[in-house]
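I am opening my notebook on this structure.

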Amino acid sequence: MDNPAKFYITTPIYYVNAHPHIGHTYTTVVCDAIARRQRMMGMDTYFLTGTDEHGQKIERSATAAGCTPKEFVDKIAAEYRELWERMKLSYDDFIRTTEPRHVRGVQALFTRLQERGYIYKGSYSGQYCVFDELYVDAVGPGAPCPECGRPTETVQEENYFFKLSAMEDRLLKLYAEQPDFIRPETRRNEVIAFVRSGLRDLSVSRTTFKWGIPVPGDPKHVIYVWLDALANYITAIGFGSDKEKDKKKFEHYWPADVHMIGKEIVRFHCVYWPAFLLAAELPLPKSIVAHGWLLFEESKMSKSRGNIVRSETILDTLGADTLRYFLLREIVFGSDGSFSFDALVQRFNADLANGLGNLSSRTLSMITRYFTGEVPYPTTAQERTADDRAVAELGEQTIRDFNAQFEQFQFSRALETAWGLVSAVNKYIVDNEPWTLAEKPGQDARARLGTVLYTSAEALRIVTALAHPIIPESTARIWQQLGLGEIGKVNLRELKWGQLQIGTKLGTVEAVFPRADKSTIERMQKMEQERSTVSESQSQAAETEPARTGAQAGQRATEAAGPVSPAPPSKSAEVAAGPAAPTADNKISIDDFLKVELRVGEVKVAEKVKGADKLLRMEVDIGTEVRQIVAGIAKAYDPEKLIGRKVVIVANLQPRKLRGLESQGMIVAASLGDEGLPVLAGFLEDVPVGAKLK
Ligand SMILES: [Zn+2]
């Protein structure tokens, strides 16, 4: 209300303990499309992204990599920036939490909270999860973290605490009064339930490590990483600076219109962040929007499954626009979506090469051929056919629907709407046969030809303008070919049917999209394999932890539970086959479950597999026989420690070969985090070897 002309949108800042993958790209592309469209709507838009660079994990990873934390974070932050350039992301600012402007802003926020009586000093003794960088309700050394299931460490320290308990009522009131504060609805309900269950004061400083922002006046403490990270949304636009220019900028852009986040970091953004802001007496963001996860063929991307997809592979083959289009078109925003190379190539061929690409090249080359490259006259309204009118009406309708859907974050439906016009016009061209009209003598045929080509070109212009925020490069080229100059200058608010000027001189007409076939899929798969081999041989700590604020960060143990299956020798068979169709409600019958024979086994022999740093070869006694099992658990378990251990085996699995060794079954384990760290299933009571699980 206060300033309708500005629009401020943020991505989470990505935790530099992991290399960027396609999940990070997804979040950032969504924000980029929104920001580009807002600019085309005439809004004073500010699009922020950046990297989250503090915390104990970084300190440890740097030590493991043999460099300083600063050297470590510089390297990964540079990877993000480089990738974002290639993805054509139009961010206005890239903040790094190690920058002086951020450090100063976080300290100012901390002081502000202290001055208002929301921060006090207390002492804490309890369990701490290094992975989540979180104090947790768990009892005893090594007790599993309720968030991620990893063992916790006992810490005893004097800490600063934030009075989160005092914010319960104010937060509940906020959620009630601003239903759009958290979207979608399912996330909102989770947050409300969490706050209703009671909030305890939050420890907001640490003395156990150094790599962070010192507490003002008490530098023995560093500020809690989440308070540090969340503050980026205000420090980037000038909060905490005493320069007049920065103060003005902060007042102009804050509060944010949209914080875009992944669903795993909802609590931090919807509970802690508004609590900090309320306590600091700063305005609250208008909306926090959580999207789902990007899965690889129905399963969560993880390094141990060998199914992390890097954006670079698609950039090198089909280009940034193809990936951008796929992510927005294929994934229903808010739900989990699936990525596969097959689906990518199919989308590319159907929608881009054969859809928009075909419409563009046939329309523009016919105008070039038949009208010396100048947009022809359509006939007067009375002389137009029902076909001509239908396309014009659909054009108008497309603009209205696309805008409404896009504004509701229904990107997939909006693109479906726009491409509905593409197919309608491609059909209109086939039905009206302009190539036949061109052969016919006489004024009437010539007038029809002009009308058909004008109508097609006008529809092309509308789709191109609407799609520009999603596929900026190819639409800019089509716009040039249409002879319309710079597409970024279009005002989308004024987009209407019939604005294409008669006599507009076309640019040079050429194909906008490359060709793709089966070999493209094979090329991409090969590139992925090569890339993952390289990163494995470099094998550094940065690969092993998920993003804190990135897309698809730490997964809950309950969701992660599942058997560890070592990466098959080749993904190609699976890619070609695609995912198995689940039933409508995703449930299987008891009979289906009983088909799986689960048995207790005891590890008799365990050893590393030469040339495969993830694999262990085991001999497991399952009562009736001893089986050889090869499993991808070497990173998590020393072979010696496994001997004598009881494990759960899928006993009736078809044998398969891994690195030349036959694996006669599968070992059951939970798979934790982005990297899929395996934790073997076991029993608290003693169980005999060979016992069946049911
Ligand atoms: Zn944890």
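I looked up the second largest cavity and got about 50 Å³ of space. Of its 10 lining residues, Leu653, Arg656, Ser663, Gly665 and Met666 are the closest to its centre. I sorted the lining by class: 6 nonpolar, 3 polar and 1 charged. Here Ala, Val, Leu, Ile, Met, Phe, Trp, Tyr, Cys and Pro count as nonpolar, Asp, Glu, Lys and Arg as charged, and the others, Gly among them, as polar. My search of the whole structure returned 3 cavities of 30 Å³ or more.

A cavity is a set of points, on a 1 Å grid over the protein atoms alone, where a 1.4 Å probe fits but cannot get out; lining residues have an atom within 4 Å of a point. Points join across faces, edges and corners, and the volume is the space filled by probe spheres set on them.

**Ground rules**

I note that the model is predicted: local features need pLDDT of at least 70, side-chain atom pairs count only at pLDDT 80 or more, and totals for chains, interfaces and linings use all residues. Residues are numbered from 1 along each chain as its sequence is written, and side-chain values use heavy atoms, with hydrogens and water left out.

**Helix 15**

Next I checked helix 15, residues 411-432. Helices (H or I, at least four residues) and strands (E, at least two) are DSSP runs, numbered from the N terminus. Just after helix 15, Glu433 has a positive phi of about 40 degrees.

**Rings**

I counted 28 aromatic pairs. Rings of Phe, Tyr and Trp (its six-membered ring) pair if their centres lie within 6.5 Å; planes under 30 degrees apart are stacked, over 60 edge-to-face, the rest tilted. Phe333 and Phe409 are stacked, because their centres are 5.8 Å apart and their planes at 25 degrees. Phe333 lies in the loop between helix 12 (320-330) and strand 17 (337-339), and Phe409 in the loop between helix 14 (386-407) and helix 15, 76 residues apart.

**Charges over rings**

The charged end of Arg150 sits over the ring of Phe131, 3.5 Å from its centre. The rule wants NZ of Lys or CZ of Arg within 6 Å of the ring centre and within 35 degrees of the ring normal. Lys263 does likewise over Trp293, at 4.5 Å from the ring centre.

Key:
On a 1 Å grid over the protein atoms alone, a cavity is a set of points where a 1.4 Å probe fits but cannot get out, and a pocket is an open set with protein on both sides within 12 Å along at least five of seven lines; lining residues have an atom within 4 Å of a point. The expected span of a helix is 1.5 Å times one less than its number of residues.
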